Every structure is written in structure tokens, then in C-alpha cells.
Amino acid sequence: MQSIHSKISFPFSTFNPRLLKSVPNWQRLAANVVKERIKGAITMKLDVEKLSSTSNTIYIADLGCAVGPNAFDAMQDVVHFIQQKHTLQCPQSNTTLQFLVLFNDQPSNDFNTLFTSLPRERPYYAAGVPGSFHRRLFPESSIHFVHCSYALHWLSKVPEELLDKNCGAWNKGRIHYTNAPNEVVQAYASQFAKDMEEFLCARAMEIVTGGMMTIIMPGLPNEMPYSQLAASLMYDFMALTLMDMANEGLVCEDEVDSFNLPIYSPSPAEMASVVEKNGHFSIEMLELTNPASLVDGPVDIKAWVIHVRAAMEGMFIKHFSTDIIDEMFDRLTKKLFMFTEQVESGYKDRTQLLVVLIRK
């Protein structure tokens, strides 16, 4: 089984921003929910005076940056918060901090679009670093702050067991661990734990002692079945739609059986366990927040599907064909409209995980 990096490309490298021009920027709204929490963590926990004692340049990494503009907003905020902390800690200092932001994503990411979209007036220098964040990206002890928003829920590869017909984790007729047997769920959970261990080990080599890392990603409350979330309904209906199309001869059933979304949403307990097992970071904040708290009114199903398509379209095209994509997402939208009440009830209050770590 090839890794997702070579088989279907990492999702952010196939992100289609054109689809989002006419809909609300939900990821930005979700990030804004935790903006003040990140500011508080930097103010209370990041020792900027110590970090800047040997150099007046602060190195920041944004992992899974895609093509902006959310990455630019996040980096603007982080730089501003660190500047405020420096002023608070060092009121008599004549040192002016400089910032270098290292934008990272897969080599196939559209870095040209990223850098042509950079704000002309910005408080930092910028550079691109292509590569998988599950491996080393930067020199040892060179990074002061790492930000990773809505990237770590993408697994590095689809669990191999899902395609083994002789294994209890064979995920026939489904494309996710939603409403799947426990063997499927465990295969996903195991792959997430392996990916996080690699990610944390790589960052531990790169982040200076006392440096900070913030992670924002989908999550779910401890002990809550994933099937209770709105995303569960989305993935179930995707599978049903593809199976309907297979029955009509529009796609091959074997293609459906061999397609699985490499997405995992951990609970706070799971995340705490992998961080504590790794041992290189202290957990300064780990909490669930409400990503929909800034969205007024009912769920806009059409806009929701557009956001999902923007992130996943590349994976579907590589596995199936371009010809069926419009039909599949049209059918999916219609199915979701038929179950509006279930979609609304699936939007739980706390489904966004915020993690703040300090390098020991």
C-alpha cells in the first residue's frame, strides 16, 4: 500500500480555492474562535525575552499552509501577539524583533499562488519549505513557534488493513470509519497515533527549548461516537452516493471499496495520550471549542458541501475520474437537504480541538 503522499496526494496540495470564492470562510471563522485563547497562551506561557536573548529574529513555521489567505491571517496574529508579549516582558528594550515565517506544505502545493497572494504590507519575512510535516523540515533547535491549523487530521496514509479482504478492518462499502466495525476505527486510531509520534519527534528536534506549538484541528468529546457528528452524516452519504452510482454502472464497485478518506478526529484524551507518550512537550492547553459559534443561523448545506469539495476534490479525481465528480457532489447535496434536521443536530458545541504545547 503506497502512502497517501504518492497514491492520491496530500489533501492540501489538491485544495481548490476557486470553489470558495462565493461562500463564507468557515475555516477562518473557526480559527477566530480560538484566537483569544492563543493570544492568552502566548502572553502567559511563551518566554519571548528568553527566546530573543541570542537573536532578535523569531522563526515561525506554519505547517499545512495551503495557498492562503487563512495562513496569512494566522501569521499576522501570531506575530502581533509575540510583539505584544515582548513589549510586556521587555519594556525598556531597544531591540526590535524581526520575524521569518516559514510556510510549509507538500511539494505539489501551489506555492506560486501562495506567494503571489502574500500581503504586500506584512510584519514578517516569508519563505517556503516544501515537504511532509511527518518528517524533519528545519535545522535542529531553529524554530521558536509552530502553528498547524486544520492539517493534522489528515493521515499520512490510508491504514493498510482497510484494503485487506481477509482482515476484519476491510472497509467494504464505506469510505471512512463512520459507523464502521471497531476494527476499522482502531486501524484509523492506530495510524493517527503513529503519525502524531512522527510529527512530535520531528518538531521536538526543530523547536528550541521553551518554544511553543499550537494545533487546531477537528476533535470530538471523550467517549462520543463519531457517528453523532455532522461530518459522519456527510461521509456516510458520500459512500451511499458512490454505491448508488456503482449500481448504475457510473463507477466500479471495486473503486468504491478501495477508496477511504484519510481523516481522523481525536478526542482530548487521545491527543493527551500521544503527547505524554512522546515526552518532549508539556501540555499547556488542551480543550474543545465550538467552531460554529461565530456562524449565525442554520447550517448552509450547499456552502458546507462546497467547502468539503474544495478540500477533497483532488482525491476523488485521482481515484475515480473527473467525469463523475459534479454528479457525485450534486447527489450528495440533495441527500443532505433531505436530512436537514439530522445535519443540524450533528453540529455539536465542542468539535474543534485546540492544543498548545511547550518544548521541554
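Begin with the second largest pocket, which holds about 310 Å³ of space. A pocket here is an open set of points on a 1 Å grid over the protein atoms alone, where a 1.4 Å probe fits and protein lies on both sides within 12 Å along at least five of seven lines; lining residues have an atom within 4 Å of a point. Grid points are joined across faces, edges and corners, and the volume is the space filled by probe spheres set on the points. Select Tyr177, Val185, Met224, Pro225 and Tyr226, which lie nearest the centre among the 20 lining residues. Helix H7 gives the most to this lining, with four residues.

The structure is a predicted model, in which local features need pLDDT of at least 70 and side-chain atom pairs count only at pLDDT 80 or more, whereas totals for chains, interfaces and linings use all residues. Residues are numbered from 1 along each chain as its sequence is written, and side-chain values use heavy atoms, with hydrogens and water left out.

Next, colour by secondary structure: the chain has 13 helices and seven strands. These are DSSP runs numbered from the N terminus, helices being H or I of at least four residues and strands E of at least two. Of the 360 residues, 53% count as buried (under 20% relative accessible area with a 1.4 Å probe, protein chains only; exposed is over 50%, partly exposed in between).

Now select Met238, Met312, Phe316 and Leu336. Of the 78 residues in the largest nonpolar core, these four touch the most other members. Such a core is a set of buried Ala, Val, Leu, Ile, Met, Phe, Trp, Tyr and Cys residues joined through side-chain atoms within 4.5 Å. Helix H8 (residues 230-247) supplies the largest share of this core, eleven residues. Around Met312, display Trp154, Tyr235, Met238, Leu261 and Ile263, which it touches when residues up to four places away in sequence are not counted; contact means heavy atoms within 4.5 Å. A second, separate core of 36 residues includes Ala71, Leu114, Tyr150 and Leu354.

Turn to the rings, which form 14 aromatic pairs. Rings of Phe, Tyr and Trp (its six-membered ring) pair if their centres lie within 6.5 Å; planes under 30 degrees apart count as stacked, over 60 as edge-to-face and the rest as tilted. Select Phe192 and Tyr264: their ring centres are 5.2 Å apart and their planes at 35°, so this pair is tilted. The pair links distant parts of the chain, with Phe192 in helix H7 (residues 182-206) and Tyr264 in the loop between helix H9 (253-257) and helix H10 (268-278), 72 residues apart. Both Phe192 and Tyr264 are buried.

Then select Phe259 and Phe316, whose ring centres lie 4.8 Å apart with planes at 40°, so this pair is also tilted. Phe259 lies in the loop between H9 and H10 and Phe316 in helix H11 (residues 301-319), so the pair ties together parts 57 residues apart in sequence.

Proceed to Phe81 in helix H5 (residues 70-89). Its relative accessibility is 5%, so Phe81 counts as buried. Phe81 touches Lys35, Ile38, Lys39 and Ile42, not counting residues up to four places away in sequence.

Finish with Tyr150, in the loop between E4 and H7. Its phi is near 50°, a positive value in a residue other than glycine. At 16% relative accessibility, Tyr150 counts as buried.
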